[in-house]
Amino acid sequence: MATILSVSGSPSPTSRTARLLRHLDGRLAAQGHEVIPFDVRTLPAEALLHADFGHPAIARATSLVEQADGVVVGTPVYKAAYSGLLKSLLDLLPQYALAGKTVLPLATGGSTAHVLAIDYALRPVLASMGAAHITPGWFTLDKDITVGDDGSLTVAPAPAEALAQITDQFSLALGGRATVLAATG
């Protein structure tokens with residue numbers, strides 16, 4: 001199966017975006033994919049802000065992208081755009097870092113006013129980086145994501161169903177038809 005890099009562009013250590021990604025990582029792993037979770041916020045701020053391409057952590061992030069067959073990119077939406085933290089990473093990756101890769105864009109936010117951020121802000125950048133296939137993305141409202149006291153994640157039924165469908169479409173695009181059918185059947 002495929003190797004998937006699951007990138008959270010949230011600056012928050014208690015991020016709903018990251019928790020949602022880790023939840024979807026489990027679904028992809030159950031379908032037989034190797035999923036590598038990656039939180040951009042763990043990169044050294046100085047390396048990001050000074051565009052230190054040679055920094056070992058930046059080189060490692062670049063290598064993770066290179067080795068992945070598919071990339072899930074998740075971001076909170078701020079002021080109708082993806083996070084500045086995610087932009088900092090994307091700016092440091094090679095121009096065609098996503099060449100030949102299948103990409104799933106996801107976003108979270110407080111208002112449906114930001115629902116087009118995926119298509120108008122994030123998707124063009126991913127396409128310019130050479131993504132072979134950008135599958136349909138999904139915007140999830142913050143109010144539809146609940147984190148329990150034990151850290152468990154609950155997604156409201158309608159968005160949960162939509163997220164399952166787009167995650168399965170992404171898996172299928174990576175060649176996971178048999179495992180999607182087995183995992184969901």
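**Before you start**

Residues are numbered from 1 along each chain as its sequence is written. The model is predicted, so local features need pLDDT of at least 70 and side-chain atom pairs count only at pLDDT 80 or more, while totals for chains, interfaces and linings use all residues; side-chain values use heavy atoms, with hydrogens and water left out.

**Stop 1: confidence**

Colour by pLDDT, the predictor's confidence in each residue, from 0 to 100. The protein chain averages 93, and 95% of the residues score at least 70. Now select residues 177–181. Here the pLDDT is below 50, and beyond near neighbours in sequence the stretch has eight contacts in the model. Contact means heavy atoms within 4.5 Å. Where pLDDT is low, the predicted coordinates should not be read in detail.

**Stop 2: Thr-17**

Select Thr-17, in helix 1. Helices (H or I, at least four residues) and strands (E, at least two) are DSSP runs, numbered from the N terminus. Is Thr-17 buried or exposed? Thr-17 counts as buried, at 4% relative accessibility. The classes are buried (under 20% relative accessible area), exposed (over 50%) and partly exposed in between, with a 1.4 Å probe and protein chains only.

Show what surrounds Thr-17. Leaving aside neighbours within four places in sequence, Thr-17 is in contact with Ser-8, Ser-10, Gly-74, Thr-75, Pro-76 and Thr-108. The side chains of Thr-17 and Thr-108 are joined by a polar contact of 2.5 Å. A polar contact is a pair of N or O atoms within 3.5 Å; within protein, one must be able to donate a hydrogen and the other to accept it, and residues adjacent in sequence count only if both atoms are side-chain atoms.

**Stop 3: Gln-31**

Move to the loop between helix 1 (16–30) and strand 2 (34–39), where Gln-31 sits. Gln-31 is buried, with a relative accessible area of 1%.

**Stop 4: salt bridges**

How many salt bridges does a search of the whole structure find? The search finds six. The criterion is a side-chain nitrogen of Lys or Arg within 4 Å of a carboxyl oxygen of Asp or Glu.

- Select Asp-39 and Arg-22. Their closest N and O atoms are 2.9 Å apart. Asp-39 lies in strand 2 and Arg-22 in helix 1, so the pair ties together parts that are 17 residues apart in sequence. Arg-22 is partly exposed at 26%.
- Select Asp-91 and Lys-87. This salt bridge spans 2.9 Å, N to O. Both residues lie in helix 4 (residues 84–92), four residues apart, about one turn of the helix. Asp-91 is partly exposed at 46%, and Lys-87 is partly exposed at 38%.
- Select Lys-143 and Asp-144. The closest N and O atoms of this salt bridge are 3.7 Å apart. Lys-143 is exposed at 67%, whereas Asp-144 is buried at 16%.

Salt bridges that share partners join Arg-22, Asp-25 and Asp-39 into one network.

**Stop 5: Glu-66**

Select Glu-66 in helix 3 (residues 56–67). Glu-66 is exposed, at 54% relative accessible area. Draw a distance to Leu-174, 108 residues away along the chain: the C-alpha atoms are separated by 16 Å.

**Stop 6: Val-115**

Finish in the loop between strand 5 (102–109) and helix 5 (117–128), at Val-115. Val-115 is partly exposed, at 40% relative accessibility.
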